[in-house]
Each structure stands twice: as structure tokens, then as C-alpha cells.
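I opened the notebook to look up a few things in one protein model. The entries follow in the order I made them.

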Amino acid sequence: QFAIYASKKGLEPVNTEQVYASKRNLPLSIVQYVYRTRQVLLLNNAYNEATYKNDHYIQTNQVRSLLCLPVLKNNAVQGIILLENNFLNQAFTHERTEIVKLLASQIAVSFENATLYNNVEQKIIQRTSELQEEKEKSEELLLNILPSEIEKKKKNKGSSVAKQYDQ
């Protein structure tokens, strides 16, 4: 079985109680430990590990190998990755753990990029709205200073042809 649990709420730390916090589908004691310590936890024989032997999820699912690590950005937890294997002890070698750490750092960068992109998009929407308001104001002002004949044409046709006036 392979599962990844990740959560993101802005740049605030993840609240582990909100990430599917149920003893039935998540080893909550392990997730809370990783969240609190911000350290990687590797269990090569989780089912027989003394520290987590009483975890309901570990016992119910007879988890053999487990790797849990935080997704960090500026030492703030952005998410948690949980990998498990119910068939093999020592399924997560040092090399595999390093690859998952690399992926976790890329996930953190992706979270940051998504947040920045969203902020830029919001600023574009806001600025477009401000520009539209300014355009409407300037058009209204222009209509107030134009001769009435040109003003009527502009209102009806959306444009007017320039004319030469003799003095």
C-alpha cells in the first residue's frame, strides 16, 4: 500500500488534526511526532517497534515498513508525506529515503510557487478592476468637456470622427 497525505493552507503550519485525523486511516501518533519534531521518521519493522506498538493504525494494518517526513519551507511544516509497506521490513533504504526527501523539498517549492502565482493572479484581478474604474472616470470626464454633438456620436457609435473647425 502506498499513500501520501499532504495538506496546505497558505503558509501556515499544517494542523495535523485536520489532515484526515482518524486512527482508522492514519497513524496519528507518527504524524504528530513528525509534525512536532520536523524530523524524518523511518521504521523498518513498525508492527514490532516498541514506541509505536500501541498505535491503532499500525496494529490494525500490520505495517511493516514506514517512512514519514515533513514537507518544510523555512522550517515551517507545509505538509507530511507518509509512505508505508505492509509486505517488507526495511523497505525504505537510505537511497530511497534521500529520493523522498528530495521530492519533499520540491513539493515545498511547488507549494510556494502556487501561493506566489495565486497572489500575482489576485493582484492582476485587483489592478484590472482599478484600471477599469479609472477608464470609466476618464471617459465620463471626457464626455463632459466635449461639444454636445461629438458627445452624442461617441455615446451612440462608441467613437467619433475628428472634424476641423475654422476660426
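Entry 1. How many residues apart in helix α3 are Glu130 and Arg127? I was working with a predicted model. I found Glu130 and Arg127 three residues apart in helix α3, so about one helical turn separates them. Their side chains meet in a salt bridge, with 3.2 Å from N to O. I then looked up accessibility. Glu130 is partly exposed, with a relative accessible area of 31%, and Arg127 counts as partly exposed at 45%.

Entry 2. I searched the whole structure for salt bridges and found three. One of them joins the side chains of Glu98 and Lys101, at 3.3 Å from N to O. Glu98 and Lys101 are three residues apart in helix α3, which covers residues 94–145, so about one helical turn lies between them. Glu98 is partly exposed, with a relative accessible area of 35%, and Lys101 is partly exposed at 35%.

Entry 3. I went on to Lys137 and Glu134, whose side chains meet in a salt bridge of 3.9 Å, N to O. A salt bridge is counted within 4 Å, so this pair qualifies. Lys137 and Glu134 both lie in helix α3, three residues apart, about one turn of the helix. Lys137 is exposed, with a relative accessible area of 53%, whereas Glu134 is partly exposed at 47%.

Entry 4. Next I looked up rings. I found zero aromatic pairs in the structure. The charged end of Arg38 does sit over the ring of Tyr35, 6.0 Å from its centre.

Entry 5. Which residues touch the most other members of the largest nonpolar core? I noted Ile30, Leu43, Leu66 and Cys68, in a core of 17 residues. The elements that give this core two or more residues are α1 (28–37), β1 (41–43), α2 (56–61), β2 (65–73) and β3 (76–85). The largest share, four residues, comes from α1. I also found a second, separate core of 11 residues, which includes Leu69, Leu83, Ala91 and Phe111. In soluble globular proteins, nonpolar side chains tend to be buried together.

Entry 6. I picked Leu66 and listed its contacts, leaving aside neighbours within four places in sequence. Among them are Pro27, Ile30, Leu41, Leu43, Ile58, Leu82 and Phe92.

Entry 7. Is Ser65 buried or exposed? I found Ser65 in strand β2, and it is buried, with a relative accessible area of 0%. A polar atom of the Ser65 side chain lies 2.5 Å from the backbone oxygen of Leu88. The backbone nitrogen of Gln90 lies 3.0 Å from a polar atom of the Ser65 side chain. Leaving aside neighbours within four places in sequence, the contacts of Ser65 include Leu43, Asn44, Leu83, Glu84, Asn89 and Ala91.

Entry 8. Last, I looked up Lys53, which I found in the loop between β1 and α2. Lys53 is partly exposed, with a relative accessible area of 40%. Neighbours within four places in sequence aside, Lys53 is in contact with Tyr47, Asn48 and Gln59.

How values were computed:
Residues are numbered from 1 along each chain as its sequence is written. This is a predicted model: local features need pLDDT of at least 70, side-chain atom pairs count only at pLDDT 80 or more; totals for chains, interfaces and linings use all residues. Side-chain values use heavy atoms; hydrogens and water are left out. A nonpolar core is a set of buried Ala, Val, Leu, Ile, Met, Phe, Trp, Tyr and Cys residues joined through side-chain atoms within 4.5 Å. Buried means under 20% relative accessible area, exposed over 50%, partly exposed in between (1.4 Å probe, protein chains only). Contact means heavy atoms within 4.5 Å. Rings of Phe, Tyr and Trp (its six-membered ring) pair if their centres lie within 6.5 Å; planes under 30 degrees apart count as stacked, over 60 as edge-to-face and the rest as tilted. A charge sits over a ring if NZ of Lys or CZ of Arg is within 6 Å of the ring centre and within 35 degrees of the ring normal. A polar contact is a pair of N or O atoms within 3.5 Å; within protein, one must be able to donate a hydrogen and the other to accept it, and residues adjacent in sequence count only if both atoms are side-chain atoms.
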